[in-house]
Amino acid sequence: MDAAQQEATARARELQRNWYGEPLGTLFRKLIDDLGLNQARLAGVLGLSAPMLSQLMSGQRAKIGNPAVVQRVQLLQDLAGQVADGSVSAAEATERMEEIKKSQGGSVLSNTTQTTSSSGAPTVKRVVREIQSLLRSVAAAGDIIDAADVLAPTHPELAEFLRVYGAGRTSDAVAHYQSHQN
């Protein structure tokens, strides 16, 4: 790989970090490990070709162009967390991956069966992810932070919201939400 290719790959990974919170290679490897998949199976669940997944992982491509695929990534991240905390068995995870594979995406704020708790209400984590996805679909994390800095003197609550929900980690945003419910 020549210097120009290395620079382009580094730039793509930096863009991925801004858009998705981390390089897609790292994110996809976590999903592969956490859910016991291989690259071909992950590509199939996401609705990507194996070469496209490889290009995203290696930094040859920066952005996932299809919003439905981005939603499937988020659903798989949620599922991986549920498998890790023991609330979902491996067998149930396999069933859910088939449901995720069949999902068509649609609106960033769609309310599918994966977005609701047993009471039928959207889970806090899912709502937070949807807010993050919406904000990140219009601006990179760095741009959101810059906007928060501009708004901070006159609109501190909005600036905090943008920092936590637009550029922060999901777990931090969930904790922030829960701390403000008292």
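Mentor: Let's start with a term: two residues are in contact when they have heavy atoms within 4.5 Å. A helix is a DSSP run of H or I with at least four residues, a strand is a run of E with at least two, and both are numbered from the N terminus. This is a predicted model, where local features need pLDDT of at least 70 and side-chain atom pairs count only at pLDDT 80 or more, while totals for chains, interfaces and linings use all residues. Residues are numbered from 1 along each chain as its sequence is written, and side-chain values use heavy atoms, leaving out hydrogens and water.

Trainee: What share of the residues is buried?

Mentor: Buried is under 20% relative accessible area, exposed is over 50%, and partly exposed is in between (1.4 Å probe, protein chains only). Here 37% of the 182 residues are buried.

Trainee: Is Gln16 buried or exposed?

Mentor: Gln16 is buried, at a relative accessible area of 0%. You'll find Gln16 in helix α1. Beyond its neighbours within four places in sequence, Gln16 is in contact with Gly21, Glu22, Pro23, Leu24, Gly25, Leu56, Arg61 and Ala62.

Trainee: And Ala68?

Mentor: Ala68 sits in helix α5 and counts as buried at 7% relative accessibility. Ala68 and Ser103 are 35 residues apart in sequence, with their C-alpha atoms 7.9 Å apart in space.

Trainee: Which residues touch the most other members of the largest nonpolar core?

Mentor: In soluble globular proteins, nonpolar side chains tend to be buried together. A nonpolar core is a set of buried Ala, Val, Leu, Ile, Met, Phe, Trp, Tyr and Cys residues joined through side-chain atoms within 4.5 Å. The largest one here has 28 residues, and Phe28, Leu31, Leu42, Leu46, Ile64 and Leu76 touch the most other members. At least two residues of this core come from each of α2, α3 (39–46), α4 (50–58), α5 and α6 (90–102), and α5 gives the most, with 7 residues. Apart from this core lies another, of 10 residues, including Ala159, Leu162, Val164 and Tyr165.

Trainee: What covers the buried residues of α9?

Mentor: Those buried residues are Ala159, Leu162, Val164, Tyr165 and Gly166, and their cover includes α7, α8 (141–151) and α10.

Trainee: Which residues are buried in α10?

Mentor: An α-helix has 3.6 residues a turn, so residues three or four places apart point the same way. In α10, Thr170, Ala173, Val174 and His176 are buried. Down the axis of α10, these buried residues fall within an arc of 160 degrees (taken from the directions from the helix axis to the C-beta atoms), so they line one face of the helix. They pack against α7 and α9 (156–166).

Trainee: What lines the largest pocket?

Mentor: On a 1 Å grid over the protein atoms alone, a pocket is an open set of points where a 1.4 Å probe fits, with protein on both sides within 12 Å along at least five of seven lines; lining residues have an atom within 4 Å of a point. The largest pocket is lined by 40 residues, with Tyr20, Leu27, Gln77, Arg129 and Arg136 nearest its centre. Two or more lining residues come from each of α1 (3–20), α2 (24–35), α5 (67–84), α7 (124–138) and α10 (170–179). The largest share of that lining, 9 residues, is from α5.
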